[in-house]
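Work through the following exercises with the sequence and the model side by side. Each task is followed by a solution that goes step by step.

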Amino acid sequence: MDRERTRELLDRVRRGEVDPEDALESLSRLPFVDTEHARVDTHRALRHGLPEVVFGLGKSDEQIAEVVSTLRGAEQPVLVTRVEAEAAGRILALVPGGDYDAAARLLWFGPSEVPEIGQGHIAVVSAGTADWPVAAEAAGAARRFGNKVEVLKDVGVAGIHRLLASQDALRSARVVIAVAGMEGALPSVVGGLVARPVIAVPTSVGYGASLGGVAALLGMLTSCASNVTVVNIDNGFGAAYVATLINRL
């Protein structure tokens with residue numbers, strides 16, 4: 001059950017096409033389905049206006065397929081994150097009809113074209129090529145959530161002229177997602193250039209003292225740019241989710 005289906009059902013009741021008791025029965029079904037390995041939330045789309053998302057890392061192919069099948073049975077789209085290519089092939093054999101984005105490690109089960117419902121577009125800015133997998137996750141998830149997305153790759157502060165050459169693209173965005181590893185300086189620079197919310201995503205890219213992304217995380221948390229907020233290390237999906245909510249306001 002999602003907002004559009006609920007609205008359509010209520011409209012049909014208003015027009016006398018559906019008996020109120022039948023509509024009540026449809027709405028009274030449990031907002032979750034118990035399966036062998038999970039309690040699947042089938043009302044998240046109704047509450048949040050966004051499809052359910054499954055974190056694929058650490059789950060077996062069968063567990064992911066079970067959740068996806070349950071949600072598809074409820075006529076809901078579903079996004080699965082952190083799925084490697086070999087696992088994606090096995091899952092698609094169990095649940096056909098999905099679309100796999102290898103760069104973003106995203107599996108999507110839903111319409112091939114998602115209507116754009118945001119107020120503007122989201123800019124996803126990636127510091128370096130090594131940061132791209134996390135940025136790709138952010139961009140891919142944002143598109144599946146109904147956003148227009150513009151991507152700027154390899155514009156880190158080590159060659160800041162590359163970023164400054166794209167200021168128009170940055171300033172026209174409604175929300176900016178800035179993805180960087182190493183010392184994590186990119187979001188602060190972007191934040192100083194735009195009058196928009198900047199969602200910083202630290203990545204685990206860097207040499208020893210980067211501490212698997214902790215250095216970038218701390219740098220972003222202590223940013224001197226007041227419009228910068230931060231999600232967890234490598235969490236491109238989380239940045240896309242929050243950016244989507246902002247873009248719908």
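**Exercise 1. Locate T244, decide whether it is buried or exposed, and list its contacts.**

Solution. T244 belongs to helix α11, where helices are DSSP runs of H or I with at least four residues, strands are E runs of at least two, and both are numbered from the N terminus. Before going further, note that this is a predicted model, in which local features need pLDDT of at least 70 and side-chain atom pairs count only at pLDDT 80 or more, while totals for chains, interfaces and linings use all residues. Residues are numbered from 1 along each chain as its sequence is written, and side-chain values use heavy atoms, with hydrogens and water left out.

The relative accessible area of T244 is 0%, so the residue is buried (under 20% is buried, over 50% exposed, and partly exposed lies in between, with a 1.4 Å probe and protein chains only). Apart from residues up to four places away in sequence, T244 touches L50, I122, A142, F145 and N147, contact meaning heavy atoms within 4.5 Å. By comparison, the C-alpha atoms of T244 and A209, which are 35 residues apart along the chain, are separated by 33 Å.

**Exercise 2. Describe how α6 and α11 pack, and which residues make the contact.**

Solution. Two packed helices are described by the angle between their axes and the distance between the axes. For α6 (residues 132-144) and α11 (residues 236-247), the axes come within 7 Å and cross at roughly 35°; these axes are lines fitted to C-alpha atoms, for helices over the stretch in contact, and angles run from 0 to 180 degrees between N-to-C directions. The crossing of α6 with α11 is right-handed, the near helix being turned clockwise from the far one by less than a right angle.

On the α6 side the contact is made by V134, E137, A138, A141 and A142, and on the α11 side by G236, F237, A240 and T244. Classified by type, the residues of this contact comprise six nonpolar, two polar and one charged (Ala, Val, Leu, Ile, Met, Phe, Trp, Tyr, Cys and Pro count as nonpolar, Asp, Glu, Lys and Arg as charged, and the others, Gly among them, as polar).

**Exercise 3. Which loops hold R105 and D154, and what is the phi of each?**

Solution. Most residues other than glycine have a negative phi. R105, in the loop between β5 (99-101) and β6 (106-109), has a positive phi near 60°. D154, in the loop between β8 (148-152) and α7 (160-164), has a positive phi near 55°. With a relative accessible area of 35%, D154 is partly exposed.

**Exercise 4. Summarise the chain as a whole: how many helices and strands does it have, and what share of its residues is buried?**

Solution. The chain contains 11 helices and 11 strands, and 45% of its 249 residues count as buried. Among contacts between residues at least 6 apart in sequence, 68% join residues at least 24 apart. Finally, the C-alpha trace spans about 65 × 40 × 30 Å along its principal axes.
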